[in-house]
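Hi everyone, thanks for having me.

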Amino acid sequence: MKKWQGLDRGSCQQNKTPEEILKILLRNRFLKTKKEINDFLNPPQPSGLDFRSLGIKPLQMKKAVLRIKKAIEKQESVVVYGDYDADGVCGAAILWETLYRLGAKVMPYIPHRVEEGYGLSQKGIDFLKQEYNVDLILTVDHGIGSLEKIEYCQKLGIDVIITDHHVASKKRPKALAIVHTTNLCGTGVAWMLAREIVKDKLEIEDYLDLVAIATVADMVSLTGTNRILVKYGLEKLRKTQRLGLNALIKEAQINKEKISVYDISHVLAPRLNAMGRLTHALDALRLLCTKDEDKARSLARELEVTNRDRQKLMEETILHAEDLLKKQMGISPLEAHLLYISHRSYNQGIIGLVAGRLVEKFYRPSIVIAEGEVYSKGSARSINGFNIIETIRKAEDLLIDAGGHPMAAGFTIKTKHLELFKKRLTEIADQELDEEKLTRVLKFDCEINLKVLSFELFEKLTQFAPFGLGNPEPVFVSRCVLVKEAKKIGADGKHLRLLITQNSLPITISAVAFGLGDFFTKLSREQKIDIAYTLSVDEWQGQKKLDLKIKDIKLED
């Protein structure tokens, strides 16, 4: 059950013009002044972005740039130490290629998820010292919580520059420089540093295709600077000359000229992430950086196959997790305030996905743990209003390490502490969460009649793109809609296809309701329903038609 919440506090008039709807949408997004509205509808070029406005400290940026230039001049050994997800890989590609073009003696490095774990590790540092006699390490998408590992680097005579976006703990690491903000993804921070290193700022904008992929993949709020980066990054991606991306796009059968945020989040990013989840993310980095067409095709195929393996493993784990949850808890997951599950068979590369799926299905903060003999790895996903990394850090005395954001986090813990950890987090959730907070809210912009839907309105809505976290697609509600036809579609009939009309509307409108197949038995011809939906346009053989994407249905009494 979802609670519908209207954002429009204005007129209840439902026969609104496209111009009136546009004003409502702007008002709902708290855009009031002419400048605010113009900057939103016509985002400024990325060339005008300033890292200072994002919370990155100028002194830290200056220290980082000077140290990097010194390393290039003296031909010191530099390593770009990325992370194994799409954000870390894209950022590592940007910094490594930038430094390499500037003549640096630089190598990229991506840790193995299982053998080394997240971020800096003693094993990784020792390897880099022995293999490359590294003088300077640049972290990408990690480092802000690596206090002990950075001290270890210092003992070995290695300078460290941190580029990161994760929430910092109270104590900061003693790195040579910390280029940090929570307002961007990890790649966004790395890109900002790259801009300061090069003389030609426009040249660095060629990397916006990677910035867009990383920003969407890491579920960063698509507002302000991030919306600018993704908007112009999508334009770069549609014209990218990067061999690896072109091979991946072709393998995934995406229309390159129309690549959207959805294509990144549901198609490209999962393939880039799959390598770090099941094998080694270094191949994802090789794909992004290769100059060989045959190699690009081979790697793209490898990512495709690995992603299919990941999908199969994830589905099997989710089924096991749901079954185990019910057995361990003795109650329905919907009766709990927090879902917590651990098992020795779980692959730590997919536990974050499993936690995310549990949140999606039950709307409860979810923690999934891959148990080990001595140490266990955990991943958490949350709901609005429950800061999961803050909650996890309240049990910091039980943890080896922890990092993340209010909505997603990861941690390492001694296996012997798992039950106590579960008890503490469950108590916090029971205290802070109530029925209201555990009810999914569907926010809609305004109520309208179906007859106001038009291609003109759709064109105005496209000005609000790119859509994503923090900038959702406009949602409308129409009341007393008549069902003229309904049928199940998709695998196992999980979805609905409807033909609907309203009042004296002389035509029917097509609508699809993903994941709402259960409503089929509750619907009858000429039945009145309320629908919440987004507006889209379908094109087929040169013909265009309006199509609704229904997000929820309410049955009329």
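Let's begin with disulfides, that is, pairs of cysteine sulfur atoms within 2.5 Å. A search of the whole structure turns up 0 of them. Take Cys 90: its nearest cysteine sulfur belongs to Cys 185 and is 8.3 Å away, and Cys 90 is in no disulfide. Cys 289 is in no disulfide either; there the nearest cysteine sulfur is that of Cys 90, at 9.4 Å.

Now, are these two cysteines buried or exposed? Cys 90 is buried, with a relative accessible area of 0%, and Cys 289 is buried too, at 13%. Buried here means under 20% relative accessible area, exposed means over 50%, and partly exposed is in between, using a 1.4 Å probe and protein chains only.

A quick word on the source: this is a predicted model, where local features need pLDDT of at least 70 and side-chain atom pairs count only at pLDDT 80 or more, while totals for chains, interfaces and linings use all residues. Residues are numbered from 1 along each chain as its sequence is written, and side-chain values use heavy atoms, leaving out hydrogens and water.

Next, please find Asp 141. You'll see it in the loop between strand E4 (136–140) and helix H6 (147–155). Helices (H or I, at least four residues) and strands (E, at least two) are DSSP runs, numbered from the N terminus. Asp 141 is buried yet has no salt bridge, and Arg 113, the nearest side chain of opposite charge, is 9.6 Å away. A salt bridge would need a side-chain nitrogen of Lys or Arg within 4 Å of a carboxyl oxygen of Asp or Glu. For charge, Lys and Arg count as positive and Asp and Glu as negative, with His and the chain ends not counted.

So which side chain does the side chain of Asp 141 make a polar contact with? That partner is His 165, at 3.0 Å. A polar contact is a pair of N or O atoms within 3.5 Å; within protein, one must be able to donate a hydrogen and the other to accept it, and residues adjacent in sequence count only if both atoms are side-chain atoms.

Last stop: strand E7, residues 339–343. Because 4 of its 5 residues are buried, E7 is largely enclosed by the rest of the structure. E7 runs parallel to strand E8 (residues 366–370), and 5 bridges join them; two strands pair if DSSP finds at least two bridges between them. Leu 339, for instance, has Ser 366 in E8 as its bridge partner.
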